[in-house]
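Trainee: Please walk me through this one. Keep it short, I'm new here.

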Amino acid sequence: MTFAVPPADPATAAAHFRARLSFETDVSDVHAALEAGTPGLVVVDSRGDAAWEQGHLPGALHLPTAEIAARAADLVPAGSTVVTYCWGPGCNGATRAALEFARLGWPVKEMLGGFEYWAREGLPVVTPAGTVRRRPDELTAPRSAVSCDC
């Protein structure tokens, strides 16, 4: 098979993929880190008030992107590792929030899939009615587990 652009050499590809993993994480890994009580982890929901009220990750800190520069120092302990999320893959709000945290000096990762994939994988969501779980979407997680097991 011939590609219009050939694949990179293995060393270049390894560097690229390692770099991506240093910037991004996924909902399964964030869930596992929260369940394990990983010290110094702060998960930040960068959406607005209405979205936060509709539902958010348990233990997340609500800090809309526009407020990060002014409020982060008071809310996020120095030395914490920050993971940002927004609505989902069609939104770059988590990317903008991660950029703000990086500019302010925090180590930061963006959670791929955002709130959408967290909920679609059947992970717990805090709502005004309490903590709920959706049935896992077969397109995001196996029926028998809440992880893609990758």
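Trainee: What share of the contacts in the chain join residues at least 24 apart?
Mentor: Of the contacts between residues at least 6 apart in sequence, 62% join residues at least 24 apart. Contact here means heavy atoms within 4.5 Å.

Trainee: What kind of model is it?
Mentor: A predicted one, so local features need pLDDT of at least 70 and side-chain atom pairs count only at pLDDT 80 or more, while totals for chains, interfaces and linings use all residues. Residues are numbered from 1 along each chain as its sequence is written, and side-chain values use heavy atoms, with hydrogens and water left out.

Trainee: How many helices and strands are in the chain?
Mentor: Six helices and seven strands. Both are DSSP runs, numbered from the N terminus: helices are H or I with at least four residues, strands are E with at least two. From the N terminus, the order is α-β-α-β-α-β-α-β-α-β-α-β-β.

Trainee: What box do the C-alpha atoms fill?
Mentor: Roughly 55 × 40 × 30 Å, taken along the principal axes.

Trainee: How many bridges join strand 2 and strand 4?
Mentor: Five, in the parallel sense, with strand 2 covering residues 41–45. V43 stands opposite V83 there.

Trainee: And which residue in strand 5 does V83 face?
Mentor: V83 stands opposite K109. T84 stands opposite E110, also in strand 5. Three bridges join strand 4 to strand 5 (residues 108–112), and the two run parallel. Strand 1 is joined to strand 5 by three bridges as well, again parallel. There, D26 has L112 as its bridge partner.

Trainee: Which helix sits in the β-α-β unit with strand 4 and strand 5?
Mentor: Helix 5, and the unit is right-handed. Right-handed means that, with the strands pointing away from the viewer, the path from the first strand over the helix to the second runs clockwise.

Trainee: How much of strand 4 is covered?
Mentor: Most of it, as four of its five residues are buried. Buried means under 20% relative accessible area, exposed over 50%, and partly exposed in between (1.4 Å probe, protein chains only). Across the chain, 37% of the 150 residues are buried.

Trainee: Which residues touch the most others in the largest nonpolar core?
Mentor: V30, V43, L57, A60, Y85, M111 and W118, out of 14 residues. Helix 2 (27–35), strand 4 and helix 6 each supply at least two residues. Helix 6 gives the most, with three. There is also a second, separate core of 12 residues, including V44, L63, A72 and W106. A nonpolar core is a set of buried Ala, Val, Leu, Ile, Met, Phe, Trp, Tyr and Cys residues joined through side-chain atoms within 4.5 Å.

Trainee: Back to A60. What is it in contact with?
Mentor: V43, W52 and Y85, leaving aside neighbours within four places in sequence.

Trainee: New topic. How many aromatic pairs are there?
Mentor: Two, from a search of the whole structure. One is W87 with F115, edge-to-face, at 5.9 Å centre to centre and 85° between the planes. W87 lies in the loop between strand 4 (81–85) and helix 5 (93–103), and F115 in helix 6 (residues 114–120), so the pair ties together parts 28 residues apart in sequence. The other is F101 with W106, also edge-to-face, at 5.6 Å and 80°. Rings of Phe, Tyr and Trp (its six-membered ring) pair if their centres lie within 6.5 Å; planes under 30 degrees apart are stacked, over 60 edge-to-face, the rest tilted.

Trainee: Are F101 and W106 buried or exposed?
Mentor: Both are buried. F115 is buried too, at 9% relative accessibility, whereas W87 is partly exposed at 35%.

Trainee: What lies over the face of W87?
Mentor: R47, at 4.5 Å from the ring centre. R120 lies over the face of Y117, at 4.8 Å. The test is NZ of Lys or CZ of Arg within 6 Å of the ring centre and within 35 degrees of the ring normal.

Methods. Pairing = 2+ DSSP bridges.
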